[in-house]
Amino acid sequence: MTKGRRSRHGATLTMALAAVVVAAASGCAREAGEVSADQDGGVVHVACGATEEWCAATAEQFTKTTGVKADFVRLSSGEALARIQAGKGNAEFDVWYGGPADGYAAAGEQDLLERYVSKNASAIPAQYKDASGLWTGVYVGALGFCSNGKLLKEKGLAAPESWADLLDPELKKDIGIAHPSTSGTAYTALWTQVQLAGGDEDKALKYMRGLHPNVLQYTKSGSAPSQMTARGEVAVGVIFSHDCIATQEAGFPDLQVTFPSEGTGYETGGVALIKGAKNPTSAKKFVDWALTPEAQEIGPRVKAYQFPTNPATEVSDKVVDLDTIKLVNYDAEEAGAAKAALTKRFDEEVAQAPKS
């Protein structure tokens, strides 16, 4: 009997050890991002490309509406893509929210996003979403020029109304623009030149080389040139028009917005699930909610004046009417596919060139 009891005890101990091994293996799998829906932590981690204020207000309202906790890290488009790349196989974030869709398309090319067609995506016009569910648009912003009227008056110049105007030698080191490798705003400007050149990247880069002597510095953030213009460090910033309006409202009445007559690019700010998200159920709830009027009406409350993609959303009178400006044919998927190679050429052929 004693021998039998020992055998049973040994068997029990073996089973217990096996259970520990299985549990440990499961823990490793979770760390690697292999999480099923029933293991969702009831929280969503967001890589946020909107302004700090918009990100914070969005996270707060999402939690208030759904009861799901949300946190975020504010990142420029290039930074977000780099962080998501670094987390492949062990995702740091569950959702990417805000920032131009060409960045999302580039992430899709690298198999970094999970396709998800939200139940609310049907309300979003086709031109503002990926048909397969790779990303869905939450806002639209038009690229423009943000000028310091006082500085331009001192120079005897009018606010620029064309891309050609930016090449004026009188604006030497007086233009602010970000670097397209880190900024979705600047990449929109670069891809706009490609479209204006009929798809010829060589001609687009030639224009950027012509602009180069007039650029004071290439910032990391796309919205930074609005602050540079407001402080009088440069006379003109190339940014999304809504960023200029927000800075103007912050106490800089000398700022004014103009749009290039040749045509300008625009961003479709997206939202997408990150592949291997550790909280997939909460992430889907966030995507669903981000497409609602409730979510899209937050922007103007924090001085973010992008055009909402959901037609049922109330639109602020400070949002630019897209029908009043000339837009280029901006294909986010095509722009995203070309991004890595084109930004590399920009860095080598434009940004590193000496300024005469």
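Helices (H or I, at least four residues) and strands (E, at least two) are DSSP runs, numbered from the N terminus. By this assignment the chain has 13 helices and eleven strands. The structure is a predicted model, in which local features need pLDDT of at least 70 and side-chain atom pairs count only at pLDDT 80 or more, whereas totals for chains, interfaces and linings use all residues. Residues are numbered from 1 along each chain as its sequence is written, and side-chain values use heavy atoms, with hydrogens and water left out.

Of the 356 residues of the chain, 49% count as buried (under 20% relative accessible area, with exposed over 50% and partly exposed in between; 1.4 Å probe, protein chains only). Among contacts (heavy atoms within 4.5 Å) with a separation of 6 or more, 76% are between residues 24 or more positions apart.

Strand E5 (136-148) is largely enclosed by the rest of the structure, because 13 of its 13 residues are buried. E5 and E10 (266-274) pair in the antiparallel sense over six bridges, and glycine 141 stands opposite glutamate 267 in E10. With E8 (236-240), E5 forms five bridges, again antiparallel; here leucine 143 has phenylalanine 240 as its bridge partner. E5 and E9 run antiparallel and are joined by four bridges, with serine 147 of the pair facing glutamine 256 in E9 as its bridge partner. Two bridges connect E5 to strand E11 (residues 307-308), also in the antiparallel sense, and proline 308 in E11 is the bridge partner of tyrosine 139.

Helix H9 (residues 241-249) is mostly covered, with seven of its nine residues buried. These are Ser241, His242, Asp243, Cys244, Ile245, Ala246 and Thr247. The cover over the buried residues of H9 includes strands E5, E8, E9 and E10 together with helix H8 (224-230). Just after H9, glycine 251 takes a positive phi of about 115°.

Glutamine 193 is found in helix H6 (residues 184-196). Glutamine 193 counts as buried because its relative accessibility is 5%. Apart from neighbours within four places in sequence, glutamine 193 is in contact with Trp163, Ala204, Tyr207 and Met208.

Grid points are joined across faces, edges and corners, and a volume is the space filled by probe spheres set on the points. Residue classes take Ala, Val, Leu, Ile, Met, Phe, Trp, Tyr, Cys and Pro as nonpolar, Asp, Glu, Lys and Arg as charged, and the others, Gly among them, as polar.

The largest pocket has a volume of about 530 Å³. Its lining comprises 31 residues, of which Ala50, Thr51, Arg74, Ser223 and Asp243 lie nearest the centre of the pocket. At least two lining residues each come from H2, strand E3 (95-100), H6, H8 and H9, and H9 provides the largest share, four residues. By class, the lining of this pocket has nine nonpolar, 16 polar and six charged residues.

Two cavities of 30 Å³ or more are found in the whole structure. The largest cavity holds about 50 Å³ of space. Its lining includes Trp54, Val138, Tyr139, Gln296 and Pro308, and the elements giving two or more residues to this lining are E5, helix H12 (298-301) and E11. The lining of the largest cavity divides into seven nonpolar, three polar and no charged residues.

The second largest cavity has a volume of about 40 Å³ and is lined by Val46, Cys48, Cys55, Thr58, Ala59, Phe72, Tyr97 and Phe286. Strand E1 (43-48) and helix H2 (52-66) are the elements that give two or more residues to this lining, with H2 giving the most, three residues.

Terms used
Two strands pair if DSSP finds at least two bridges between them. On a 1 Å grid over the protein atoms alone, a cavity is a set of points where a 1.4 Å probe fits but cannot get out, and a pocket is an open set with protein on both sides within 12 Å along at least five of seven lines; lining residues have an atom within 4 Å of a point.
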